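Biologist: Could you show me the model, so that we can go through it together?

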Amino acid sequence: LIDSFSVVDTTAPAVFDSNIADSTEFNGNVAVRVNVTDLSTLSKVFAVVDGVYNEMSLETGNRFLVTLTSPIVGTHNVQYIVNDTYNNVNSSMTDSFNVVDTTLPAVFASVIPATTEFGSNVSVRVNVTDLSTINKVFANVSGTLYQMNIEAGNTYLVNVPGLGVNTYNVQYIANDSLGNVNNTLTASFYQMFDLTTGYQVTEK
């Protein structure tokens with residue numbers, strides 16, 4: 001008497017304990033972790049982030065890891081897709097995380113000419129950088145707002161129309177596309193009619 005039997009594996013891998021930081025600052029990396037076990041042998045583990053497949057690597061024990069490089073600001077959806085060597089697939093587990101930008105623009109290196117002829121425009125420059133996108137940059141010259149434009153690189157420029165003899169205070173106001181505002185950098189200059197003296201500039 002001869003008989004036979006087959007042993008099969010139709011059990012999908014177990015996928016559990018997703019671990020992602022709820023919120024990550026923009027321009028940082030995001031570590032995505034999940035635990036996976038199987039009756040036989042695992043073949044591939046993916047974290048599908050907003051439709052993009054990211055293959056995960058075994059970190060330790062049953063825990064798999066993939067590090068996402070600088071995701072954009074917003075909410076990101078994650079679906080784990082795992083299959084074993086018998087092509088059993090588990091794609092039921094999902095998660096999500098947020099990338100935020102709470103960092104103020106950097107405003108630095110104010111430049112106002114030391115000497116400008118009386119009645120001429122005054123060129124006011126400042127450098128501004130941000131992790132995301134700069135929205136607007138203003139120079140508040142003694143209560144009057146002047147919108148600045150990119151001159152080159154990170155340098156913003158506005159030519160302030162001819163001013164009378166006086167001391168003028170400048171406050172720079174920069175905001176990015178996510179509403180972060182930096183208005184901490186100030187400067188001042190003094191316009192004199194005496195061309196031998198010109199402007200005296202003091203950055204605070």
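This is a predicted model: local features need pLDDT of at least 70, side-chain atom pairs count only at pLDDT 80 or more; totals for chains, interfaces and linings use all residues.

Biologist: How many helices and strands does the chain have?

Modeller: The chain has 19 strands and zero helices.

Biologist: And what box do the C-alpha atoms fill?

Modeller: Along the principal axes, the box is roughly 120 × 25 × 20 Å. The radius of gyration of the chain is 30 Å, whereas a compact globule of 204 residues would have one near 17 Å.

Biologist: Which residues have the most contacts inside the largest nonpolar core?

Modeller: They are Val124, Val126, Met148, Val170 and Tyr172, in a core of 22 residues. At least two residues of this core come from each of β12, β13, β15, β16 and β18. Apart from it lies another core, of 19 residues, which includes Val34, Leu68, Val78 and Val99.

Biologist: Back to Met148: what is it in contact with, leaving aside neighbours within four places in sequence?

Modeller: Met148 is in contact with several residues, among them Val124, Val126, Phe138, Leu157 and Tyr172.

Biologist: Changing topic, where is Ser123 placed?

Modeller: Ser123 is in strand β12, which covers residues 122-129.

Biologist: Is Ser123 buried or exposed?

Modeller: Ser123 counts as buried because its relative accessible area is 18%, and the cut-off for buried is under 20%.

Biologist: Which side chain does that of Ser123 join in a polar contact?

Modeller: The side chain of Asn159, at 2.7 Å. Beyond its neighbours within four places in sequence, Ser123 is also in contact with Val111, Ile112, Pro113, Leu157 and Val158.

Technical notes. Residues are numbered from 1 along each chain as its sequence is written. Side-chain values use heavy atoms; hydrogens and water are left out. Helices (H or I, at least four residues) and strands (E, at least two) are DSSP runs, numbered from the N terminus. Buried means under 20% relative accessible area, exposed over 50%, partly exposed in between (1.4 Å probe, protein chains only). A polar contact is a pair of N or O atoms within 3.5 Å; within protein, one must be able to donate a hydrogen and the other to accept it, and residues adjacent in sequence count only if both atoms are side-chain atoms. Contact means heavy atoms within 4.5 Å. A nonpolar core is a set of buried Ala, Val, Leu, Ile, Met, Phe, Trp, Tyr and Cys residues joined through side-chain atoms within 4.5 Å. The radius of gyration is taken over C-alpha atoms; the globule rule is 2.2 Å times the number of residues to the power 0.38.
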